[in-house]
Amino acid sequence: MTSAPLAPPVPAREAAAPALGRRPPARRRRERPTGLRISRIVSRVLIAAVLVMQVYPFLWLLQTSLRDREDFAAANPFSIPTQLTLDNFSRAFEQGHLLRSILNSLIITGGACLLLVVCGMAGAYAIAVLGFRFSGLVRGLFLLGIVVPVQVALVPLFIDYSRIGMLDTHLSVMIPLAGFALPMALYLFLSFYSYIPRELYEAATLDGAGPYRIFARITLPMSWNTVVTVVMVNAIFIWNDFVFANTFILSEELKTIPLGLQDYVGAMGNTDWTATFAAVSITVTPLLLVFLVLNRAMIYGLESGASKG
Amino acid sequence: MLPHRSRLSVLVFLAPPLLLFGGGVLLPIVQSLVLSFFEWDGITGLDFVGLENYRALLLHDDVFRTAFGNQLVYLVICLLLQVGGGLLVATLLMTITRGREVLKVLYLMPAVISTPAIALLFQRIYSFEPEGLVNTLLGAVGLDALARPWLSDVSTVLTAVSVPEGWRFLGLYTVILYAALLSVPRELEEAASLDGANAWQVFARIRFPHIMPVFVTTLIMATTYALRGFDIPFLLTNGGPGQASELVTTYMYKTAFTSGHYGSASAISVIIVLECLVAVGLILLVLRRKAD
Amino acid sequence: MKRKQFLALAAGTASLPLVAACGGSSGGAASTAAAVDGEIEPRAISWLLSRPANGPVIEIMTALAEDYAAEHDGFSLKLITTPDRPSYIQKYETLAAANELPELFDTDATPFAAKLNSAGRMIDVEDLLTQLGVLEDFRPAALDYQRFDDGSLRMIPLEFGVELFWYNKGLFEEAGVEVPTTLDELTSACEALAATGATPIAVGGQDAWPLERYVAYQPFRIAGPDYVTKLKSADAAFADEPGAASAAWLAKLGEVGAFQQGFSSVGYADAQALFTSGKAAIYNMGTWELPNLATSALPEAMREQIGFFTLPVTDGSVTGADEFVAPSGIGVAVNAQTYDPLVRDFLAFVLERYPAEYAKSGLLGPTGIDPVVPEDALPIYQEAIGVAAELGEATLMPWDTQLDPATNSRLQQELVLLVQGDVTPEQFLSTMDEALTTNAPKYFED
């Protein structure tokens, strides 16, 4: 990836801008088809290039997970393996607790996302729609959270949790994950709610609807696109979280995927990489599936939203 | 503001987020802020030292200074790749009609792969012995002279650890910006094209202003994530060689959990917060001025 | 006390007088002696550990805990496993800061552990082992490795190993070099090896400790184990003769291209592969890797080629050729705050049975029992084990367990620069002395 994207062809722009509308239409029509064809080819090539860049690592991962352990150690890691084996997968299942880790990751990601969406929606509704005297202050307080590095909270939170006996629970990981993601979610909801026309609320109020009913009838149904966006963005970060899980989870039974991958670390750090990759290939799948489903929902929501104006 | 709102209803909606945020974020932050005025090793008692931690960091700590500069470079590279690259790819996606949804999911793939796997992949991509992908490709086009151990060379390592982070979330920002681009009314674009605007003009005059709010959000998001970026550099080089790829965040982590200087680490995190605030303030200021 | 105080402070209730009042030890007047009276009341106990999830230590301890639970209803041993060392350290320090360390916890004899010890949070293991009548069973070297500077013993070793220089006979022959007996010969051997196009030494620089071993070699030979003991409290300087010689030697090693290019980002497994695939000539590694290096797990082409030598000496070396790094791995400390008859009884049960079980794993154990050599072992397996029986008195303590953590992490970073030639030995020494004088006095003052 280069940094070229935002650099426009400056001379073309300067030449074209003043001439806009003065140029004879005939000439323009002659130029456009060829220009279009070239730009279309260029854009397809670029799209394909980006595709290779983004997908190749996953293919490499799969290929490595099918590679014999010694072959991986000795041969060029980017060459095509001479023979494929499923050994790594059996080792991955034997030495780790993959299904348990996946389940824990699903619980934590699901729980944190739920917490995040409920709190984000409710907070944005209170601030942007209901409004109250210090709403500006509260908004500022939340937005401050966007900029806080998570590592800072580790030791204080650990001490707090140990005091109230909440260490080593799913909840102890969900709370900070959702908490630190909340400002960004709130921000997204706030900016979305500012697009909902006031007249809708006014009409509903005239019909005698109270704040709860308005939320349920108007705001909530219109929020689905934003919900999907919030979930998609945050699920990635929550799914991959290592720091909080490593700090607050102590039991084997509660380990998430990033923690579980350490089962393949051997003496003094000698890691069974091919088994690790087999495990990664397996654990990536649930999230990818969720994405495929959500992605359709998001597109559908966005396009219908856009066409309604 | 809704006329029929009651104090209770505001409270009902506001309580859950305030509880979550207060308990999960604000409380530890305040505790950390307090801690930044103390010296504490986690075992023996707390010693109040006032602003000494800050003074030592800002005036006497060469590693901190290096890390600060590195973090800015890291930020620029991440922004170029994520927001710049994301916008370009999103625009490209607009030019095709089929397969966009599948493409988007495929673009997101690097984001869902666990960080340790990404780190290991890049360690091999940059590797010199055995020869990694970058060096192989350079050799293939006759640029052998440029081949080097990218992660061990002090002049290339910072870029080398920044690129994976930028690349990894390219798809995420593409998806967000693409969704915004989709919401640009077609009629406006078509009208502009009929008026003779070329593709760039359509982009600069119609599309970009229209997606500005989303773009700002994306920019803020990417900036704050980059200023807090941590795991890939930590796993790839642990800040080395020397301090060539040390970031403020990795330095903070080490100060707390390797060196056991919790007070000093808290002071670093307070500085990171300030740094992020300034960055976000600058973004908003520049863009607002531009908008006026 | 300290924890509550911190929380009170953090909550904003200014309690500065409390801070001033808190000078002494925390956690009450916990006795650190191993004697304890009372009934054994079975309960669940935990062990924070950093060992491979499927390694012999965990397997044996889990099995023994099950046996013990069969006799003591209500007992269970809960493992808190974090095999990755940096993540482990983070967890360990967080638990310590929150005063939540479990009944048993793994730790090296680091300055951090020494602080925990002086805060009265560890049981005297020497006393415990004596009372249980097993102290004599342990190898002296295994116990010494766990001792703090004042000679006190607070950790139980569960492993043991000697660190050897494995080498590839074929590559040595090709370069026409003999097995080096002095550290200077090692340099010239590397130079000759590099000239043939081979990588002289494979080192996993990503983990930092393998390279850090090398900085300790010259000082250990020139001045013995005392140098680092003085150095860490800044009573000696890096610029003193042993340190300066070490810096010069490392710079020279770097200059002749002793380590593979880009070593600083090469991981443990990759460095080993470099050696076992026959690309690198020397690999400095402990006997815990015997199953990978000296059995049929080794690629066939290497089986005839592999040999080992021990740490070379120097002219006028104060330590002997039979004295080098012989670590007993990370040790198990016993938390004084949760110590009770049950913990003691469980340890008695375990320590009686562990050595024999561990010997079956084929690895050198912390006691004198000879390991059962696996069937697929190469002849060199037995030879390597034999080295452990002939160790001298002095032990080389790895510097990463000695220096204060801030100086140590700086050293790990600067070493890479030194070997890569990015800084001169002089710059290296002055940077390190500055880091040492800034950090060490603060860390060791209490």
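**View 1. A helical span of chain B, residues 72–93.** In this predicted model, residues 72–93 of chain B are 100% helix and 0% strand, with the end C-alpha atoms 30 Å apart. An unreviewed UniProt entry lists this stretch as a "transmembrane region", and its annotation also covers residues 105–126, 166–185, 206–227 and 262–287 of chain B.

**View 2. Another annotated span of chain B, residues 206–227.** Here the end C-alpha atoms sit 31 Å apart, and the chain is again 100% helix and 0% strand.

**View 3. Inside the largest nonpolar core.** This core takes in 320 residues, and A:Leu116, A:Tyr125, A:Ala178 and A:Leu182 have the most contacts inside it. The biggest contribution comes from chain B: its helix α3 (residues 62–94) supplies 18 residues.

**View 4. Who touches A:Leu116?** Leaving aside residues up to four places away in sequence, A:Leu116 touches A:Ala178, A:Ala181, A:Leu182 and A:Ala185, plus A:Val230 and A:Asn234.

**View 5. Where chain A meets chain B.** Chain A puts 97 residues into the contact, and chain B puts in 90 residues. On the chain A side, the tally by class is 71 nonpolar, 18 polar and eight charged residues.

**View 6. Chain C and its residues 1–31.** Chain C has a mean pLDDT of 89, with 93% of its residues at 70 or more. Residues 1–31 are another story, with pLDDT below 50, though the model still gives this stretch 44 contacts beyond near neighbours in sequence. For the model as a whole, the scores are ipTM 0.85 and pTM 0.84.

Key. Residues numbered from 1 in each chain as written. Chains lettered and ligands numbered in written order. Predicted model: local features only at pLDDT ≥ 70, side-chain atom pairs only at ≥ 80, totals over all residues. Core = buried A, V, L, I, M, F, W, Y, C linked by C-beta atoms within 7 Å. Buried ≥ 20, exposed ≤ 12 C-beta atoms within 10 Å, placed from the backbone. Helix = DSSP H or I, 4+ residues; strand = E, 2+ residues; numbered from the N terminus. Contact = placed C-beta atoms within 7 Å. Nonpolar A, V, L, I, M, F, W, Y, C, P; charged D, E, K, R; others polar. UniProt positions renumbered as here; feature names shortened; annotations may be inferred. pLDDT = per-residue confidence, 0-100.
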